[in-house]
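Welcome, and thanks for taking a look. This briefing walks through some contacts and backbone details, grouped by topic.

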Amino acid sequence: SLTLAAASSASAATVFGFQDAYDPINWTLTNSNADGFVNTGGAPASISLTGGDNGSFSSGTTDYTTTAAAAGTVTFDWNYSTNDGPFFDPFGYLLNGSFIQVTDDGGDLVQNGTSTFNVLAGDSFGFRIFTTDNIVGPGSVTISNFSAPVPEPSTVLSLLVLGGLGAGLKYLNRN
């Protein structure tokens, strides 16, 4: 019961950049009727995501997703551009499959901002560029100043110590 009590109050640390639990190797690129791609050459400082432009004249998505390592806040800066118009290639983030658009459909061809949202451990989250038409050029975004929650190292050690203490006390009570 000591271990369960400690686990329920476990805290999270924050990792800055695409590293550790959020290293690009731990992300998945998924295209649905799109030929988008991700460039992780700037990691851990940044990644760049480019949406679809496969000439199909129909909508598609380019997603780059991962799993939250702990509960807490995800924050990132984004610098977006398109030749097609932001209405045709919106960008935003995904949280458990729900798309939250951050670009302004009526805004400039170049936009930027900072986004913040909360996750629980095990949540799926990431980034999406949606294309309504797959023509006239893709949208692209550079994501930087990324931070996300990871388990507090001392919490893991505390849980192990408390678990061992509980097992030892149970053993002593038997004798």
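## A first look

Phenylalanine 76 and phenylalanine 117 are both buried. The model you are viewing is predicted.

**Aromatic pairs**

- Phenylalanine 76 and phenylalanine 117 pair edge-to-face, with 6.5 Å from centre to centre and 80° between the planes.
- Phenylalanine 76 belongs to strand E6 (residues 72–82) and phenylalanine 117 to strand E9 (residues 110–119), so their pairing ties together parts that lie 41 residues apart in sequence.
- Tryptophan 78 and phenylalanine 91 make up a tilted aromatic pair, with centres 5.9 Å apart and planes at 50°.
- Because tryptophan 78 sits in strand E6 and phenylalanine 91 in strand E7 (residues 91–95), this pair ties together parts 13 residues apart in sequence.
- Tryptophan 78 is buried, as is phenylalanine 91.
- In total, the structure has 18 aromatic pairs.
- One aromatic cluster takes in Phe76, Trp78, Phe91 and Phe117, and its other members include Phe18, Tyr22, Trp27 and Tyr64.
- Tyr93, Phe125, Phe127 and Phe146 are also among the members of that cluster.

**The salt bridge**

- Side chains of opposite charge can pair when their charged atoms come close.
- Here the count is 1 salt bridge.
- Aspartate 63 and arginine 128 form a salt bridge through their side chains, at 2.7 Å from N to O.
- This pair connects distant parts of the chain, since aspartate 63 is in strand E5 (residues 60–67) and arginine 128 is in strand E10 (residues 124–131), 65 residues apart.
- Are these two residues, aspartate 63 and arginine 128, buried or exposed? Both aspartate 63 and arginine 128 are buried.

- Strand E7 and strand E8 (residues 98–101) run antiparallel and are joined by 4 bridges.
- Glycine 92 has glutamine 101, in E8, as its bridge partner.
- The hairpin has 2 residues between its strands, and asparagine 96 takes a positive phi near 50° in it.

**The loop with glycine 122**

- Glycine 122 is placed in the loop between E9 and E10.
- What does glycine 122 touch, leaving out residues up to four places away in sequence? Glycine 122 touches Thr67 and Ala68.

**Backbone details in other loops**

- Between alanine 43 and proline 44 the peptide bond is cis, and its omega is near 15°.
- Proline 44 is in the loop that lies between strand E3 (37–39) and strand E4 (46–50).
- Aspartate 20, a residue other than glycine, has a positive phi near 55°.
- The loop between strand E1 (12–16) and strand E2 (28–32) holds aspartate 20.
- With a relative accessible area of 58%, aspartate 20 is exposed.
- Asparagine 134 is not a glycine either, yet its phi is positive at about 60°.
- The loop between E10 and strand E11 (139–151) is where asparagine 134 is found.
- Asparagine 134 counts as buried because its relative accessibility is 0%.

Note on methods: Residues are numbered from 1 along each chain as its sequence is written. This is a predicted model: local features need pLDDT of at least 70, side-chain atom pairs count only at pLDDT 80 or more; totals for chains, interfaces and linings use all residues. Side-chain values use heavy atoms; hydrogens and water are left out. A salt bridge is a side-chain nitrogen of Lys or Arg within 4 Å of a carboxyl oxygen of Asp or Glu. Buried means under 20% relative accessible area, exposed over 50%, partly exposed in between (1.4 Å probe, protein chains only). Rings of Phe, Tyr and Trp (its six-membered ring) pair if their centres lie within 6.5 Å; planes under 30 degrees apart count as stacked, over 60 as edge-to-face and the rest as tilted. Contact means heavy atoms within 4.5 Å. Two strands pair if DSSP finds at least two bridges between them.
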